[in-house]
Amino acid sequence: GGSDSSSEEKTTLVVGMECNYAPFNWTVTEESDTTMPIENASGYADGYDVQIAKMIAEELGMDLQIKKIAWDGLQPALESGEIDMIIAGMTADEEREQGADFTTPYYESEMVMIVRADDALANATTLEDFSGKNVVGQISTTYDEVIDQIPGVNHVTPLKSYPEMINALQQNVVDGITAELPVATGAVEANPDLAIVHFDEGHGFEADTSVSIALPEGSRDGDLFKKIQEALDNIDEQTRQDLMLEVTQRQPASV
Amino acid sequence: MIEIKNLKKSFDNLEVLKSIDFHVDKGEVITLIGASGSGKSTLLRCINLLEIPDGGEILMEGKNILKGEIDVNQHRAHVGMVFQSFNLFDNKTVLENCTIGQIKVLKRDKKEAEKIALDFLDKVGMKEFAHAGSTQLSGGQKQRVAIARALCMDPKVLLFDEPTSALDPEMVGGILDVMKELAAEGMTMIVVTHEMQFAKDVSSRVVFMDKGVIVEEGTPDRIFNNPTEERTREFLGRYLETEN
Amino acid sequence: MIEIKNLKKSFDNLEVLKSIDFHVDKGEVITLIGASGSGKSTLLRCINLLEIPDGGEILMEGKNILKGEIDVNQHRAHVGMVFQSFNLFDNKTVLENCTIGQIKVLKRDKKEAEKIALDFLDKVGMKEFAHAGSTQLSGGQKQRVAIARALCMDPKVLLFDEPTSALDPEMVGGILDVMKELAAEGMTMIVVTHEMQFAKDVSSRVVFMDKGVIVEEGTPDRIFNNPTEERTREFLGRYLETEN
Amino acid sequence: MGFFETVKEIFLQYYPLFWDGVQVTMLLALSGTILGLFIGLVVGALKAIKPEPRDSGLVKALKRIMGFILSVYIEFFRGTPMMVQAVFLFYGLKPYLGWSPMVAGVCIISVNTGAYMAEIIRSGIQSVDRGQIEGARSIGMTNVQTMFSIVLPQALRNAFPAVINEFVINIKDSSMLSVIMVADLFFQGNSAAGSLFKYTETFFIIALIYLCLTFITSRVLMYIEKRMNAPKKNNIVKAGEAA
Amino acid sequence: MGFFETVKEIFLQYYPLFWDGVQVTMLLALSGTILGLFIGLVVGALKAIKPEPRDSGLVKALKRIMGFILSVYIEFFRGTPMMVQAVFLFYGLKPYLGWSPMVAGVCIISVNTGAYMAEIIRSGIQSVDRGQIEGARSIGMTNVQTMFSIVLPQALRNAFPAVINEFVINIKDSSMLSVIMVADLFFQGNSAAGSLFKYTETFFIIALIYLCLTFITSRVLMYIEKRMNAPKKNNIVKAGEAA
Ligand SMILES: Nc1ncnc2c1ncn2[C@@H]1O[C@H](COP(=O)(O)OP(=O)(O)OP(=O)(O)O)[C@@H](O)[C@H]1O
Ligand SMILES: Nc1ncnc2c1ncn2[C@@H]1O[C@H](COP(=O)(O)OP(=O)(O)OP(=O)(O)O)[C@@H](O)[C@H]1O
Ligand SMILES: [Mg+2]
Ligand SMILES: [Mg+2]
């Protein structure tokens with residue numbers, strides 16, 4: 001695959017994701033209407049990102065291919081043309097614009113905290129409640145950066161993935177995890193000993209919790225970028241919310 | 001001083017020593033001769049308890065060393081052993097080679113141990129090498145140090161297992177001279193050797209082993225001039241005086 | 001057949017051979033004697049080009065082998081060498097040890113090579129071990145195979161570097177017998193050895209080296225009965241006939 | 001649900017992924033070790049060639065250059081994380097070779113292993129008795145013949161335990177290749193963990209599988225080694241004496 | 001912006017992170033190798049103790065049990081990815097030890113290295129000439145005295161190159177400990193890469209730094225080894241003959 005052929009008409013759209021970041025993307029072993037086969041390994045991909053990718057591909061009249069790539073390998077794959085875009089629950093920010101061109105968000109949600117259900121923090125409503133507590137976020141994401149907004153927080157060395165962080169939380173090594181709502185919902189459903197903290201209006205994080213599609217750097221003015229952005233614009237907010245509800249109910253942890 | 005009765009030793013299914021009876025008096029110099037594989041080394045190693053015999057008795061000054069009546073390590077300390085391949089400690093200097101046993105086993109203090117070591121190194125002509133690494137020596141020099149190391153432990157008896165066979169011919173003479181001197185001083189010694197001249201000149205008794213048994217023993221004079229057993233005659237072949 | 005002129009060889013700053021002049025005629029059996037470190041092995045190794053001399057000439061059947069006039073490997077193939085430590089190939093059987101050189105260097109076909117190898121193994125009494133691994137042999141057996149290996153290469157001259165000094169005394173006789181037989185058949189041989197009896201009995205000429213020079217050479221009779229040089233006299237010491 | 005129930009649950013749900021990962025991991029480890037051994041043999045043998053006083057100036061220079069290049073190769077691949085090597089080589093050579101991740105993965109793990117093997121073989125060569133070489137030279141065998149017929153077979157036998165060790169390491173290290181889309185056992189296990197938010201249990205399964213793989217392969221190889229060495233023991237057996 | 005300009009840019013922006021990572025990595029590698037060597041010495045020495053025919057039944061049984069436990073230790077730590085070990089040990093022992101990630105990291109890399117070192121030491125012990133032991137026994141030294149005064153010092157010298165190798169491997173493998181929140185060089189590099197979404201350039205910097213670390217440390221250690229061995233060369237020098 002790859003976006004190397006500018007002269008010939010491209011017929012496949014290659015999308016990279018981790019396939020282990022529910023509810024945005026995950027792996028299952030059985031095929032269904034909602035899954036896509038994973039191109040480079042066994043198993044099938046499902047999740048919000050996969051549905052979005054399907055819609056875009058359909059809109060563009062292209063065949064969809066999903067490639068499963070480790071987080072560290074996503075950007076090099078994009079840069080080299082191994083994949084056409086990353087749809088991986090990834091948040092765009094100014095710094096990241098250096099390495100890729102991002103579309104407008106394809107999902108926006110709320111930034112919350114995951115805590116232990118039996119902890120007093122489960123009743124927290126403001127950032128101040130986390131003063132002096134150990135809080136962890138995912139490495140090189142907004143979720144890690146915003147932690148410093150909590151006054152007097154103990155900002156723990158970030159971790160790579162949510163399963164790792166949830167493990168740390170369950171083992172009392174940290175007291176809270178920053179997350180966006182869908183991820184937190186999935187995590188709490190899989191682990192009933194956890195709870196979600198929603199912050200009161202004006203007492204929560206000031207952060208961008210949207211996720212965007214990444215295309216190769218310098219492709220913003222290209223044909224493909226425009227078409228994808230267009231396709232994305234055609235998916236209205238209600239569809240997005242319905243879709244997210246649907247996938248969170250389907251994700252394997254919740255059965 | 002040493003009395004061996006009905007000693008047996010097998011490795012797996014190989015009977016290496018078949019009922020050995022043998023004794024050594026104080027001050028005797030015994031040479032043990034025999035073909036390769038006849039069990040000479042094994043016999044020496046049993047006396048030193050480097051091998052544990054399967055049966056029989058070894059009485060050392062009346063005590064059976066196979067009965068747990070003695071401390072094995074103290075026993076070994078006082079039975080000096082000189083190997084064909086020297087077995088000096090590669091990671092120690094010459095002096096340390098001679099003191100380590102005194103300090104760790106005989107519990108002498110370091111100063112005393114060094115004094116004793118230097119005396120014996122002097123005796124074997126190696127005093128000026130005291131601080132050399134033991135790997136820097138020639139074979140003959142190593143063997144001198146090995147003898148000094150054994151002497152430092154106050155041995156009641158010295159066992160030599162082919163002490164000259166890994167040496168250049170020029171070195172052999174020197175080592176044999178040291179051994180002759182020890183013999184002259186009344187040291188009890190058991191020597192496995194192929195140096196028939198040494199056996200003739202120095203030993204008080206020659207013991208001929210073959211296939212795990214003692215075939216014949218006697219004064220060097222008798223063994224070299226007049227062996228009674230056919231096997232002895234065969235083995236000694238070109239060394240027999242009568243044929244010279 | 002071999003003529004050596006003004007041969008020099010140093011290792012770093014150590015002059016090991018200092019202007020050696022020396023010749024060997026066809027059919028001669030030369031024994032090379034001398035103290036450890038006198039350069040005997042180095043001289044042999046230069047003849048075989050295992051060491052490259054620093055200066056001088058080595059003429060082999062008239063051709064200077066140091067001048068690039070010859071193929072080094074073909075030269076080595078036809079100068080047989082028998083080492084103190086046997087140097088049989090550990091990863092090969094006895095037979096393979098004897099055929100590999102024939103096949104790879106002399107380009108004989110395998111069948112022919114095996115026939116020749118078995119003939120020579122028979123000659124040294126090792127035919128029935130042809131398919132044994134070479135590490136399974138005793139020292140004496142290894143040395144027989146090493147001799148057979150050298151013979152298989154059609155050698156013009158055989159070089160022996162202390163062929164018996166790593167052997168048990170019982171084995172020595174057998175190897176010396178094989179060498180005597182070769183000598184009797186007219187093989188040209190240069191033998192470094194400490195076996196003075198062999199030197200006396202077999203060699204046509206004895207060469208005494210000391211500190212990198214040839215001190216004296218002559219018939220065994222003359223060297224052992226009547227050495228002219230003081231150093232020779234010193235070295236031979238107990239072997240001198242006149243003192244016996 | 002208890003720990004082991006969850007473990008069982010996860011395993012039942014995701015065993016096709018684990019199985020797939022096992023296959024990929026073993027393919028990478030096996031081919032990487034074999035090809036790496038081959039590379040190591042060549043590089044180790046070449047590294048054993050030193051400029052000799054007899055060589056002409058040109059030959060000496062060439063030998064030095066070759067030695068330098070091989071050193072750089074070894075130093076680079078031993079000195080940097082394989083993950084980084086994978087990214088550079090896969091994407092760097094992709095335009096020229098157009099290789100798939102799996103092919104690239106096999107090549108990268110082989111080249112990486114080769115750097116380690118070269119050192120293993122080199123020290124295996126050094127442990128071969130110098131007399132073996134002299135024996136070969138004395139019957140006129142060339143340097144190359146000596147190396148291939150005499151030295152390398154013995155070096156290889158000496159190096160076998162280290163080769164086994166390298167295989168075991170490769171089973172684990174192949175996980176680095178997930179960065180170029182090779183879905184090995186560890187990566188597949190991780191996606192099970194990420195899909196289920198169950199970390200400890202999934203890691204437990206992964207650990208067990210790795211343990212089986214490394215234990216079984218190292219035992220099998222050790223058995224092979226024993227068999228290989230058995231008839232060439234160093235004691236003196238009077239072989240054929242009965243004949 | 002060209003590749004190298006970006007590299008420079010990234011380095012200038014993030015060098016405090018890299019420097020931090022280097023320190024953590026070297027601390028882990030150094031302490032892990034030293035402590036691991038210590039563990040390996042003990043385990044390797046204990047593994048060399050075999051039941052002897054002279055031992056009583058109880059002693060034999062105890063020796064067998066010890067041997068089995070040590071084998072399980074070695075097999076487990078060599079046979080599973082260190083990442084998995086880190087997760088289990090860190091979280092599993094946290095309730096009892098209350099350790100910080102860094103302390104846990106040092107312990108885990110040490111215990112892991114110890115399993116490899118045990119094998120290195122064991123084969124180092126095996127390579128010590130049997131005559132050395134006989135010499136010691138013949139003057140009445142006990143098993144333990146022989147092991148510590150004679151065998152281990154020589155085993156250690158023989159094993160030194162393998163120890164260096166283990167150190168180099170630890171420099172790279174310490175990156176596995178990021179799974180328990182230890183921020184080593186690779187991890188810090190990764191966060192720079194993730195923030196800027198520039199992986200290739202950042203990986204390039206990481207590779208260079210690793211190369212420097214491994215190259216320098218292995219050279220320094222090799223130099224130390226040479227110095228250590230220099231006065232004990234195996235050739236016959238007539239020491240003191242002049243005296
Ligand atoms: N540890 C051992 N295990 C098995 N067999 C052994 C062992 N030690 C010795 N043997 C065997 O016991 C027999 C006698 O060996 P020993 O060393 O006592 O003979 P030797 O008379 O000293 O011979 P040599 O003159 O060759 O030293 C030989 O066949 C030898 O192979
Ligand atoms: N490859 C080498 N490098 C350096 N020095 C060497 C080398 N080979 C031999 N020597 C030195 O050259 C000298 C002569 O050695 P050579 O082996 O020729 O003596 P030799 O007469 O054969 O003695 P020996 O009877 O001990 O075998 C010795 O001092 C030896 O240390
Ligand atoms: Mg013996
Ligand atoms: Mg010599």
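How much area is buried between chain E and chain D, and what share of that area do carbon and sulfur atoms give? The answer is about 2600 Å², with 72% from carbon and sulfur atoms. Buried area is the accessible area (1.4 Å probe) that two parts lose on being put together, summed over both.

## Basis of the report

This is a predicted model, in which local features need pLDDT of at least 70 and side-chain atom pairs count only at pLDDT 80 or more, while totals for chains, interfaces and linings use all residues. Residues are numbered from 1 along each chain as its sequence is written, chains are lettered from A and ligands numbered from 1 in the order in which they are written, and side-chain values use heavy atoms, with hydrogens and water left out.

## The interface of chains E and D

Chain E and chain D each bring 29 residues to the contact, where contact means heavy atoms within 4.5 Å. Two salt bridges are counted between these chains; a salt bridge is a side-chain nitrogen of Lys or Arg within 4 Å of a carboxyl oxygen of Asp or Glu. One salt bridge joins the side chains of D:Arg219 and E:Glu75, at 2.6 Å from N to O.

On the side of chain E that touches chain D, two or more residues come from each of helix 2 (57–79), helix 3 (82–97), helix 6 (143–173) and helix 8 (199–229) of chain E. Helix 8 of chain E gives the most, with 10 residues. Helices (H or I, at least four residues) and strands (E, at least two) are DSSP runs, numbered from the N terminus. By class, this side of chain E has 19 nonpolar, six polar and four charged residues. Ala, Val, Leu, Ile, Met, Phe, Trp, Tyr, Cys and Pro count as nonpolar, Asp, Glu, Lys and Arg as charged, and the others, Gly among them, as polar.

## How the two copies are related

Chain E is superposed on chain D by a rotation of 180 degrees with 0.1 Å of shift along its axis, at an RMSD of 0.1 Å. The two copies are therefore related as by a two-fold rotation axis. In chain E, E:Asp173 has the C-alpha nearest the axis, 5.0 Å from it. The superposition is by least squares on the C-alpha atoms of residues with pLDDT of at least 70 in both copies.

Of the interface residues of chain E, 97% are also interface residues in chain D, so the copies meet through the same surface.

## Pairs that do not touch

Chain B and chain D are not in contact, and their nearest C-alpha atoms are 11 Å apart. Chain C and chain E are not joined by a contact either; their closest C-alpha atoms lie 11 Å apart.

## The surroundings of the ligands

The residues around ligand 1 include B:Phe11, B:Lys40 and B:Glu162, counted as near if a heavy atom lies within 4 Å. A backbone N or O atom of B:Gly37 is 2.8 Å from an oxygen atom of ligand 1. The side chain of B:Glu162 has an N or O atom 3.1 Å from an oxygen atom of ligand 1.

Around ligand 2 are residues of chain C, among them C:Gly39, C:Thr42 and C:Glu162. A polar side-chain atom of C:Thr42 lies 2.5 Å from an oxygen atom of ligand 2.

Note on methods:
A polar contact is a pair of N or O atoms within 3.5 Å; within protein, one must be able to donate a hydrogen and the other to accept it, and residues adjacent in sequence count only if both atoms are side-chain atoms.
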